[in-house]
Structures are given as C-alpha cells and as structure tokens.
Amino acid sequence: MATPEVERIRGRRMPRDARRAQVLAVAQELFSLEGFHHVSMDDIADRAEVSKPVLYRHFPSKLDLYLAVIDARGAELLGAVELALGPVVHGPVRPGDGRAVVHAIVRTYFEFVEGAGQSSSLLFESDVTHDAAVRARVELAGSEAARGIARVLAEFTGLPAPQTALLAATLIGMAESGATSRLRSETGLTVEEAADLIARLAWGGVAGLVRADYDYDATL
C-alpha cells in the first residue's frame, strides 16, 4: 500500500485541470461542512494530498479558492434556471407555459439542493458576506436568476420591474427554503413530491397576478 508521501508524489503528476478539479472538490466539501473561517489552506492541502506550494499555484489565497468554489456552484445553478426559463424566453408563450415554468423553477432548486447537498449552503447561507464585493460575488448566481425570473413574471403579470423583482426574489426564497428544509429534515417526500407541493403553492400566487387582458389559460 502506498504511503501518503508516495500518493502525494503521484498527485503532482496529475494533469493541471484534474488537480484543480480535485482541489475544488475537497475545498467545497470542507467549506460546506465547517465554514470558511474554520478551514485553513493546510487543511485543504492535507485532504487533497498536495503540497502547499502546489495549492498556492492554483489558488493564491483561501478566498480565491472559496470564490472559485462559489463560481462553480453558481454557474451550475444559473444554467439550470436558464434552462427552466427556456420555453418562455426562446419561444412563443402558450397556454400552460406559466404554470410549467414556475414548476420548473421550483423543481430546479430542489434538484440543485439534492445534488449539491450541504454545498448548496455556500450559495444560500454563506458565512463570508461581510465584504460587499465578496457578498456580491456569492450572490451573483441568485441575482442573475432573479433577473431572468422577473422578466418572465413581467410577461405574464404586466407588473412594473420593482414588483416583479420582488416577486422573483420571493419565489426563489420559497424554493430555496423548501429545498433546504427537505434536505435537512425527514419529510419522507421525494424531490419530485416536495417540489410539486411548493410549486403548486407558488403558482397559486402567481396565477392570481396574471393580467386580465392576457390571452392565457391560468387554470391550475
């Protein structure tokens, strides 16, 4: 059986992109479980089985590494939200699209949390928000998702931007909270069942805001 030192030497031969991905995976796990402030670069280097010089060649600081993890998780979430909005954004709005899109948005958050596990907290409950620039980076994916959702809500409701922005933020908050609660408690509900339950609640509210002159079947 190889000693840790041998494994470390082998690790240096790993292609750069693969090494970076490994370090990101280790950092994500540690940051998710212990928080930014309780994890050191030594901890990450030891767990990833790399030397600190190798680690610092990839990431100049712990904050750079943390934000790289955030960016990766955020890109994944934002891509999923954009996919959920696609039927409305990239095509004509048809009867049933509004309900389908709201359900898709909620389901996206449930599936993201299910797949990301505790690492979803890095986007939703980060403990590194004291600096405005860092906070904006952490919240970037959520902000971009909210803007896309607000544009779709404006299409159905005819409400002005400040109101649809608030509605979008509330819809995201509902989806995040429901998904996180399911992850941390024993509800006995599958992802599909839980997402459908919250989506029905969300669409019940959105349907009541569909503008009267809109040629759209808002039947639940």
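This is a predicted model: local features need pLDDT of at least 70, side-chain atom pairs count only at pLDDT 80 or more; totals for chains, interfaces and linings use all residues.
Arg47 is partly exposed, with 45% relative accessible area. The side chain of Arg47 meets that of Glu29 in a salt bridge, 3.8 Å from N to O. Glu29 sits in helix H2 (residues 16-34) and Arg47 in helix H3 (residues 41-48), so the two are in distant parts of the chain, 18 residues apart. Glu29 has 41% relative accessibility, and therefore it too counts as partly exposed.

Step back to the whole chain. Its secondary structure comes to 11 helices and zero strands. Along the sequence the pattern reads α-α-α-α-α-α-α-α-α-α-α. The chain has 220 residues, and 43% of them count as buried. Among contacts with a separation of 6 or more, 69% are between residues 24 or more positions apart. The accessible surface is about 11,600 Å². Carbon and sulfur atoms account for 54% of that surface.

The unreviewed UniProt entry annotates residues 40-59 as "DNA-binding region". This span is 75% helix and 0% strand. Its end C-alpha atoms lie 13 Å apart. Glu49 falls in the loop between H3 and helix H4 (52-58). Its backbone stands out: phi of Glu49 is near 60°, a positive value in a residue other than glycine. Glu49 counts as partly exposed because its relative accessibility is 33%, between the 20% and 50% limits.

The whole structure holds five aromatic pairs. In one of them, the rings of Phe31 and Tyr66 have centres 5.1 Å apart and planes at 80°, so the pair is edge-to-face. Phe31 lies in helix H2 and Tyr66 in helix H5, so this pair ties together parts 35 residues apart in sequence. Phe31 and Tyr66 are buried. Tyr66 also pairs with Phe36. That pair is edge-to-face as well, 5.1 Å centre to centre with 75° between the planes. Phe36 comes from the loop between H2 and H3, 30 residues from Tyr66 of helix H5. Phe36 is buried too, like Tyr66. Phe31, Phe36 and Tyr66 form one aromatic cluster.

Now move to the later helices. H9 (140-157) has 18 residues. From first C-alpha to last, H9 reaches 25 Å, close to the 26 Å expected at 1.5 Å a residue. Its buried residues are Ala141, Ala145, Ala146, Gly148, Ile149, Ala150, Val152, Leu153, Phe156 and Thr157. These pack against helix H5 (62-89), H6, H10 and H11. Just after H9, Gly158 takes a positive phi of about 75°.

H11 (residues 191-207) has 17 residues. It reaches 23 Å from first C-alpha to last, close to the expected 24 Å. Val191, Ala194, Ala195, Ile198, Ala199, Ala202, Trp203, Val206 and Ala207 are buried in H11. An α-helix has 3.6 residues a turn, so residues three or four places apart point the same way. The cover over the buried residues of H11 includes H6, H9 and H10.

H6 and H10 are also joined by charge. The structure holds eight salt bridges, and one of them links the side chains of Glu114 and Arg182, at 2.8 Å from N to O. Glu114 lies in helix H6 (residues 97-116) and Arg182 in helix H10 (residues 161-184), so the pair ties together parts 68 residues apart in sequence. Glu114 is partly exposed, at 40% relative accessible area. Arg182 has a relative accessible area of 16%, which means that it is buried, as the limit is under 20%.

Arg184 makes a further bridge from H10. Its partner is Glu125, and the closest N and O atoms are 2.7 Å apart. Glu125 lies in the loop between helix H7 (121-124) and helix H8 (132-138), 59 residues from Arg184. Arg184 counts as partly exposed, at 48% relative accessibility. Glu125 is partly exposed as well, with 43% relative accessible area.

Methods
Residues are numbered from 1 along each chain as its sequence is written. Side-chain values use heavy atoms; hydrogens and water are left out. A salt bridge is a side-chain nitrogen of Lys or Arg within 4 Å of a carboxyl oxygen of Asp or Glu. Helices (H or I, at least four residues) and strands (E, at least two) are DSSP runs, numbered from the N terminus. Buried means under 20% relative accessible area, exposed over 50%, partly exposed in between (1.4 Å probe, protein chains only). UniProt positions are given in the numbering used here, feature names are shortened, and annotations may be inferred rather than shown by experiment. The expected span of a helix is 1.5 Å times one less than its number of residues. Contact means heavy atoms within 4.5 Å. Accessible areas come from the Shrake-Rupley method with a 1.4 Å probe; for residues, only the protein chains shown count as cover. Rings of Phe, Tyr and Trp (its six-membered ring) pair if their centres lie within 6.5 Å; planes under 30 degrees apart count as stacked, over 60 as edge-to-face and the rest as tilted.
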